[in-house]
Amino acid sequence: MSTITNELFIYNSLTGQKEKFEPIHENRVGMYVCGPTLYSEPHMGNMRTFINFDMIYRYLLKLGYQVKYVRNITDAGHITNSTGDDVDSIGKVARLEQVQSLEIVYKYNVNFQELQRIYNMLPPNIEPTATGHIQEQIEIIEQIIENGFAYVVNGSVYFDVRAYSEKFEYGILSGRKVDELAEETRTLNAQDEKRFFADFALWKKANPDDMQIWRSPWGNGNPGWHIECTAMSTKYLGSQFDIHGGGLDLKFPHHEDEIAQNCGSLGCNPAKYWMHANMLNVNGQKMSKSLGNYFLPKEIVEGTTAVFDKPYAPNVIRFSMMQAHYRSTLDFTSDSLNAAEKGFTRLSEAIDKLEKLPTVETSSQDVQAIVASFYKAMGDDFNAPILLANIFEAVKYINSISDGNATISKADLELLSTELTSFVLDVLGLSLSKASTDSKLAPVMDLVLDIRKTARENKDWTTSDKIRDGLAAAGIVVKDGKEGTSWS
RNA sequence: GGUUUUGUGGCCGAGCGGCUAGGCAGCGGUCUGCAAAACCGUCUACAGCGGUUCGAAUCCGCUCGAAACCUCCA
């Protein structure tokens with residue numbers, strides 16, 4: 001009952017069910033996550049996806065798996081919008097940016113690495129780029145053509161969905177049926193070269209305004225926008241690996257087409273478990289520039305977005321995200337973030353208390369059960385909100401011990417301390433600012449608080465409050481507890 | 001229109017057939033020189049209408065509302 005379990009169930013988007021996680025190779029996990037496109041700075045919604053998969057990665061590590069985590073960087077593909085009628089100013093701006101595509105890639109790559117640090121994300125084992133794998137993409141396209149699931153038209157290569165559907169099931173992930181797709185009233189572009197409207201490009205003949213062009217057996221051009229993931233995932237993880245993740249918005253067509261490409265070239269679905277992270281809303285709506293609720297991950301930390309009237313620490317953002325399940329939409333509002341801020345403070349203060357807790361012979365609570373509840377929550381499809389709920393039960397217990405209303409044994413304290421900090425730091429990826437262990441500040445604070453203590457003993461409230469107010473102005477909060485005064 | 005989801009208390013969010021979610025806010029206490037924190041107690045829920053069931057927020061149907069995707073855009 002209170003046994004710690006490392007059983008893990010994962011909701012598989014492919015089957016629509018929670019399934020027991022059994023890696024293809026014992027103790028090893030191959031995980032591929034669709035990464036950012038470096039033609040703009042990822043917004044907060046993109047970051048939620050990456051942070052959620054960071055949490056998933058961290059829990060897999062916590063369970064002792066040897067994880068190979070691959071997340072691509074999209075720095076190539078179709079960057080043109082050759083509609084021919086970009087007379088509006090937005091089109092002109094886009095055109096300008098295209099001219100500088102390489103610069104933009106460098107710029108946003110640096111930016112993205114910085115964001116990963118700010119939000120305390122573990123780096124993947126490999127971050128391959130699309131432009132570094134053009135040859136692999138070409139080889140897979142050749143294989144698909146050879147297998148009869150793609151055709152060449154005028155320097156471009158298209159995936160043949162109808163031919164594919166005779167042998168495989170197109171739409172297996174998204175639930176779309178080829179026949180139903182066919183009934184759609186969507187009108188095709190007049191210049192369309194595709195045999196069937198559901199066909200998609202594997203290789204696209206170069207346009208005159210393309211800045212990045214590669215040679216191929218079919219002439220100069222660009223790879224299609226799904227093929228890079230197929231090329232890089234199979235190269236680094238093999239034709240079949242354990243987990244493929246990404247944002248929910250990538251489910252169709254991107255992931256659906258990845259499956260088609262993998263089946264069409266290698267004959268199998270690339271991933272055993274497909275995982276999709278849900279979207280982030282702001283003030284009840286999808287983030288959108290026109291709605292005025294759009295902001296960047298750095299802006300919210302720096303307080304430079306007009307959406308919120310104060311900055312929020314990366315820890316608070318992460319904490320807030322961890323309070324929602326990765327498969328649910330999450331709404332960011334000032335109220336929800338303020339609540340998260342206070343909740344996170346409560347959590348970190350309890351963890352600070354851990355090392356000073358008094359121990360006795362017996363514990364008044366079943367610590368083993370508390371710790372088991374942590375694993376159980378995460379084992380149920382990475383249910384971080386339940387984990388946090390259970391952690392807050394532990395927080396209450398810790399505070400009670402600190403107040404003398406509950407007890408804990410030495411062995412239990414060690415267990416609780418180790419596991420709690422591990423789940424908070426290693427799994428949820430939160431970091432605690434331990435001001436009280438600051439080597440330079442600590443002796444000063446000891447001195448100051450000692451003076452204040454003397455003043456309080458003499459009932460010299462003026463001096464005592466002056467010290468407290470002065471420290472508060474410097475950002476240091478003083479709290480008078482039963483066991484003495486603490487600060488943070 | 002199609003596919004996939006979704007609608008929980010003042011706010012954010014779990015639960016998904018019977019058992020307290022949790023955080024924040026509110027109210028009443030305890031503690032405290034005051035403050036803060038903490039602790040104890042407590043109040044607001046499951047969109048609506050039917051159905052299945054001994055029993056439904058949880059399953060099914062309908063109505064109303066919301067979201068993502070629907071192909072060259074990661």
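Pro253 is placed in helix α8, where helices are DSSP runs of H or I with at least four residues and strands are runs of E with at least two, numbered from the N terminus. The peptide bond that joins Phe252 to Pro253 is cis, its omega near 0°. The structure is a predicted model, in which local features need pLDDT of at least 70, side-chain atom pairs count only at pLDDT 80 or more, and totals for chains, interfaces and linings use all residues. Residues are numbered from 1 along each chain as its sequence is written, chains are lettered from A and ligands numbered from 1 in the order in which they are written, and side-chain values use heavy atoms, with hydrogens and water left out.

Helix α8 spans residues 251-266 and also holds His255. His255 is buried because its relative accessibility is 0% (buried, under 20% relative accessible area; exposed, over 50%; partly exposed, in between; 1.4 Å probe, protein chains only). Beyond its neighbours within four places in sequence, His255 makes contact (heavy atoms within 4.5 Å) with Cys34, Leu173, His244, Gly245, Gly246, Gly247, Leu250, Trp274 and His276.

Backbone geometry was also examined in the loops. Most residues other than glycine have a negative phi, and most peptide bonds are trans. Asn27 is not a glycine, yet its phi is positive, at about 70°. Asn27 sits in the loop between β2 (17-20) and β3 (28-33). With a relative accessibility of 46%, Asn27 is partly exposed.

Asn120 likewise has a positive phi, of about 55°, without being a glycine. Its loop runs between α3 (101-118) and α4 (134-146). Asn120 counts as partly exposed because its relative accessible area is 28%.
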